[in-house]
Structures are given as structure tokens and as C-alpha cells.
Amino acid sequence: MLTDPISDYLTRIRNANRAGHRVVNIPASNLKKEMTKILFDQGYILSYKFEDDSVQGNIKIALKYDRMTKEPVIKRLQRASKPGLRKYANAQELPRVLNGLGIAIISTSHGVMTSKQAKKENVGGEVLCYVY
């Protein structure tokens, strides 16, 4: 049993990036699906596919690498809010990652979104992770 499925999601992507894998399989949940869509929309992953073949289903993520240096596009995935210490921010206190070059994924009452979108919609929420 996993106590923190979001950390498991981030760790699987981080480990696959470091090992140079092209594709990573992750057990699916609605929150993980929304986070995957955000990573794709922001250009951090190449593509994704939701497979509902089993009870839980899987997310198949194709990782993105730089063509010239073969370095992964995702330099760092960092969990912000943990099960033992949740981090919340209102609309005025939303974090900026690397002065706007990275993204913070926020779980709000309007759904999962980046900190830029949350600031635009003037909503706060739980800061899930930082990606850059």
C-alpha cells in the first residue's frame, strides 16, 4: 500500500529520466491524470496515454529529451506538500518557480492547475509539486 501516491508518481518519472528510459508506466488515478495533462501542456513530456485495461488502469508517459545533449527536459521534480505537512497558499501567496521558468502544480477547488492559472483565476489551494 502506498501512503503517498503523488510522491510515487514523481519518483517514477524522476527515476525513468535518470535511467534514460523513453516510456514510463504509472498506476492511474484522476489526480495523476490531471497532473500528466499539465506536464504535457507545459511541454515537459512528449506524450501520454491512459490505459484502462485493469481495475485501476495505467498511465503511459513518453519522456522528453533534448535532441542535442540527450539531457532530460525535466531537470527537477520536487514534492512540496507531503502527507505529514500539507502546504497551502492563497491566490496572493502562490509560488513562482525559478522566477517563472518552472511551474508549480496546485490542487484547487476549481481543479488541478499551474500556479499561473490559479493566480489568473484568483484561487488558492494545496501546492502539490514544483517542476523545472
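Visitor: Okay, where is Ile-74 found?

Guide: Ile-74 is in the loop between S3 and S4. Keep in mind that this is a predicted model.

Visitor: And is Ile-74 buried or exposed?

Guide: Ile-74 is buried, because its relative accessibility is 5% and the cut-off for buried is under 20%.

Visitor: How far apart are the C-alpha atoms of Ile-74 and Ala-16?

Guide: They are separated by 11 Å, and the two residues sit 58 apart along the chain.

Visitor: Staying with that loop, where is Arg-67, and is it buried or exposed?

Guide: Arg-67 is also placed between strand S3 (58–63) and strand S4 (77–79). Arg-67 is exposed, with a relative accessible area of 75%.

Visitor: Which residues gather with Arg-67 in a patch on the surface?

Guide: Arg-22, Lys-64 and Lys-70 do, and together with Arg-67 they make a patch of positive charge.

Visitor: What about the phi of Lys-70?

Guide: Lys-70 has a positive phi, about 65°, and it isn't a glycine. Most residues other than glycine have a negative phi. Lys-70 is found in the loop between S3 and S4, and with a relative accessible area of 57% it counts as exposed.

Visitor: Which residue other than glycine has a positive phi near 60°?

Guide: That's Asn-122. The place of Asn-122 is in the loop between helix H3 (115–121) and S8. Asn-122 is exposed too, at 53% relative accessible area.

Visitor: Switching to salt bridges, how many are there in the whole structure?

Guide: A search finds 6. One of them joins Arg-79 and Asp-4, with the closest N and O atoms 3.0 Å apart. That pair links distant parts of the chain, since Arg-79 is in strand S4 and Asp-4 is in the segment before H1, 75 residues apart.

Visitor: Are Arg-79 and Asp-4 buried or exposed?

Guide: Arg-79 is buried at 11% relative accessible area, and Asp-4 counts as buried at 14%.

Visitor: Which residue forms a salt bridge with Asp-8?

Guide: Arg-12 does, with 2.9 Å between the closest N and O atoms. Both are in helix H1, and because they are 4 residues apart, about one helical turn separates them. Asp-8 is buried, with a relative accessible area of 16%, whereas Arg-12 is partly exposed at 33%.

Visitor: And what do the side chains of Glu-51 and Lys-60 do?

Guide: They meet in a salt bridge, 3.6 Å from N to O. Glu-51 counts as buried at 18% relative accessibility, while Lys-60 is partly exposed, with a relative accessible area of 33%.

Visitor: Let's go to the inside. Which residues touch the most other members of the largest nonpolar core?

Guide: Ile-13, Met-35, Ile-61, Ile-105 and Val-131, out of 25 residues in that core.

Technical notes:
Residues are numbered from 1 along each chain as its sequence is written. This is a predicted model: local features need pLDDT of at least 70, side-chain atom pairs count only at pLDDT 80 or more; totals for chains, interfaces and linings use all residues. Side-chain values use heavy atoms; hydrogens and water are left out. Patches are made of residues with over 30% relative accessible area and no salt bridge: like charges are joined within 9 Å, nonpolar side chains (Val, Leu, Ile, Met, Phe, Trp, Tyr) within 5 Å. Accessible areas come from the Shrake-Rupley method with a 1.4 Å probe; for residues, only the protein chains shown count as cover. A salt bridge is a side-chain nitrogen of Lys or Arg within 4 Å of a carboxyl oxygen of Asp or Glu. Lys and Arg count as positive and Asp and Glu as negative; His and the chain ends are not counted. The place of a charge is taken as NZ of Lys, CZ of Arg, CG of Asp or CD of Glu. Helices (H or I, at least four residues) and strands (E, at least two) are DSSP runs, numbered from the N terminus. Buried means under 20% relative accessible area, exposed over 50%, partly exposed in between (1.4 Å probe, protein chains only). A nonpolar core is a set of buried Ala, Val, Leu, Ile, Met, Phe, Trp, Tyr and Cys residues joined through side-chain atoms within 4.5 Å.
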